[in-house]
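Biologist: I have not looked at this one before. Can you put it on the screen and take me through it?

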Amino acid sequence: MKHILLRRISQIAGTLLANSYFRAWTGNPQIYQGKLKGIVPPILNCYACPSATVACPAGSAQHFAALRMIPYYVIGSIAMFGVLIGRAACGWVCPFGLLQDLEYKLGRLIKLPKIRIPKWTSWGRYLFLIGMVILAPILTGTAEEGFVMPGKTTFCKFCPAGALEGGIPQVLLHANLRPLLGSLFTRKMIILGIFLIAFLLIKRPFCRVVCPVGAFLGLFNKISLLEFRVDCETCTSCGYCRKVCPVDIAIHESPNSHDCIRCGDCIKACPLGAVKVGSIFGKGGLKESPSSCPAK
Amino acid sequence: MSRKIIFLFALAIAILILACNGTPTDNDPEEGKLVVLSEPEGAFVFLDGTSTSQTTPAEFDLDPKAYMVKVAKIGWIATPESIRVNLLADETDTAFFELTPASDTAFIAVSANFDFVPIYINSVPTGELTPAMIPVPSGNFEVSVAGWVFDGNYSQTVSLTAGETTAVEFELEFGNRVLIEEFTHVNCPNCPEAAEAVHQVVDNFGGSVVAVEWHPQQSGGTDPFHQANPAIHDGRVSYYGFAGIPRVFVAGKQVPDPRSVSAITAYVNNYMSPDNDAQKVKIWGVAQNGGDLKIGIFAEGISVEGAFNIAVVEKSRHYATAPGTNGMKDFYNVPMEFYSYPSAGTLALSSGVPQYIELSGMNIPTGGNPSDYSYIIWFQRDDDDTYLPEEEILCSPGILEF
């Protein structure tokens, strides 16, 4: 099976599994509140989506931060995935990643211009993680004499995934919500619109610049059990890997970059077979390096 | 090699963080937590139309089911009027109400020569303490303040016009109050006589005396009051250092004949004198939200160091004791929890300088209804955990109600 087809099937399966409470769309449209909602997978999937079956890590972390509690379970769950597979879930499972991949393909089909964003913008993810997911929910609340007035889930008020997966379906399903729509909904629709346009022109801009889940997972890429290696003697730095990369990185420059979503497209695309995947405990051989290859 | 070590270290940390999530909480896993908030705070909370005797912000551990939550604060209108909460086990739900002053609002500025005194309007507790600005609809109202330690009736009728503020001031005077500690047991054959004597004395003094009923461990059967919290009952016996019951202590001094009304009365009269040091420290205040205390304390003509003893007492219980012993009997003011403040060291009181202390976590028993409990507080001078019969002075007690 072609690698890209396998990845698409995995992404679609991930999207369906994370949003498989179809009863929400028929009969009594209640959000799913079962035990699966206690699972925090390493993907960005709004848990306000009527059919969402699992929790959103960013939303859950904000919830606890707003209550001034340490989200041990959320951090531990995501860290566990990160330690084992790094950002692989971003490339293989995340529904919002799938949307960006498909939109970018569409942009190429209809021959829209491509826009490249500078590499430093990827540090923006950490600003969103620290600023909007951790600090803002804490600082917008109050705590007096041990009693906490919860803060605001600030990132959720910005998140385009939430607007697309949670906001729009909820408004479609519940007519009584429509008169309540105000500036927050308008603002979120504008943000979503901007991102939907950006997805056509830029490779995965949300994953690279905004996603706090990807930011946290990316911290583990360099030390995760799953690692990429490049045979520096074979690699000619032709740049073909960057051309196919959904997040626009040249794998030979940093095989375990915090930006890499472990999709493996570069492995299949490299005409010389210089990119390899393996375990941190595996024998890579003298030629294969988990760090950058010298410039040629 | 170093990356492999970092990987293993990170894996261990991730497992450790996950394991931290297993920290036990105070929640009963079969219950859900309901948090009721309002802005401003201080509104009385009603669940399914029944008063909880608690004011916002308030927390409840409740059985998982649907509840209709309402709040009420005199002179304010709550929005929304009510909130239906479908409480799930092991989850927390929050009901938030925004309070706005009623349209024809007038204000009463209530003050007194002491702070932290509960304010009532038309004999209904407002949840406010002196000094306070209370919004009410225009009209005639009876404003009063009350505290067990204050003698007299403090009440004024005011006529209020919308948009205006009317000041109401009270000059409060302390009364003399005495604490009796009775040591008993549900199956103790000689204890009922002592209990009757103590209750007789309490009645004779017309509410100026309060009795606390300790239930230490004794042979001859179990005592449910003791079993509810054995350490506090046995701890009090250890403090006084005696064996055998019944025993009666008045302001910390043992009465030789605990079954004699006249003997107990003589001791109470001795401590009831305004010249006695026991009357020179006064305590008042209010209990809120299942365990938050606002305590006022004032020493007059004496500067002392010591600590608060805070007994959370069950006001009364009708209990069938063992056949052939005491039969059915009413028990009053049995401590269910017992706290000290400060937990270490002492609190210094200067003559003529009131202190206002806010404490939290002085909780009633888990799942208890606040209206069944009150706080009996006394200041134990020179609290060094050593009982010296000739020196012991337990200062004038205070009773805090929800």
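Modeller: We can go through the interface, the spaces inside and some backbone details. This is a predicted model, where local features need pLDDT of at least 70, side-chain atom pairs count only at pLDDT 80 or more, and totals for chains, interfaces and linings use all residues. Residues are numbered from 1 along each chain as its sequence is written, chains are lettered from A and ligands numbered from 1 in the order in which they are written, and side-chain values use heavy atoms, with hydrogens and water left out.

Biologist: How many residues does the contact take from chain B and from chain A?

Modeller: Chain B gives 20 residues and chain A gives 23 residues, where contact means heavy atoms within 4.5 Å.

Biologist: And what area do chain B and chain A bury between them?

Modeller: About 1900 Å², with 77% of it on carbon and sulfur atoms. Buried area here is the accessible area (1.4 Å probe) that two parts lose on being put together, summed over both.

Biologist: Which three residues supply more than any others on chain B's side?

Modeller: Arg3(B), Phe7(B) and Leu18(B), which supply 33% of the area that chain B buries against chain A.

Biologist: Which elements of chain B supply at least two residues each to that side?

Modeller: Those are α1 (2-20) and β1 (32-39) of chain B. Of the elements, α1(B) gives the most, with twelve residues. Helices (H or I, at least four residues) and strands (E, at least two) are DSSP runs, numbered from the N terminus.

Biologist: How does the side of chain B that touches chain A divide by class?

Modeller: Into 14 nonpolar, two polar and four charged residues. Ala, Val, Leu, Ile, Met, Phe, Trp, Tyr, Cys and Pro count as nonpolar, Asp, Glu, Lys and Arg as charged, and the others, Gly among them, as polar.

Biologist: Show me one. What do the side chains of Asp101(A) and Arg204(A) do?

Modeller: They meet in a salt bridge at 2.8 Å, N to O. Asp101(A) is in helix α5 of chain A and Arg204(A) is in the loop between α8 (183-201) and α9 (205-210) of chain A, so the pair ties together parts that are 103 residues apart in sequence.

Biologist: New topic. How much space lies in the second largest pocket?

Modeller: About 590 Å³. It has 25 lining residues, and the closest to its centre are Lys105(A), Lys203(A), Lys243(A), Val244(A) and Cys245(A). On a 1 Å grid over the protein atoms alone, a pocket is an open set of points with protein on both sides within 12 Å along at least five of seven lines, a cavity is a set of points where a 1.4 Å probe fits but cannot get out, and lining residues have an atom within 4 Å of a point. Grid points are joined across faces, edges and corners, and a volume is the space filled by probe spheres set on the points.

Biologist: Which element gives the most to that pocket's lining?

Modeller: α5(A), with five residues. The lining divides into nine nonpolar, two polar and 14 charged residues.

Biologist: How many cavities of 30 Å³ or more are there?

Modeller: Three. The largest cavity has about 90 Å³ of space. Its lining has 14 residues, with Cys235(A), Cys238(A), Cys241(A), His252(A) and Cys270(A) nearest its centre. That lining has ten nonpolar, four polar and no charged residues.

Biologist: Last one, the backbone. What joins Thr79(B) and Pro80(B)?

Modeller: A cis peptide bond, with omega about -5°.

Notes: Salt bridge = Lys/Arg side-chain N within 4 Å of Asp/Glu carboxyl O.
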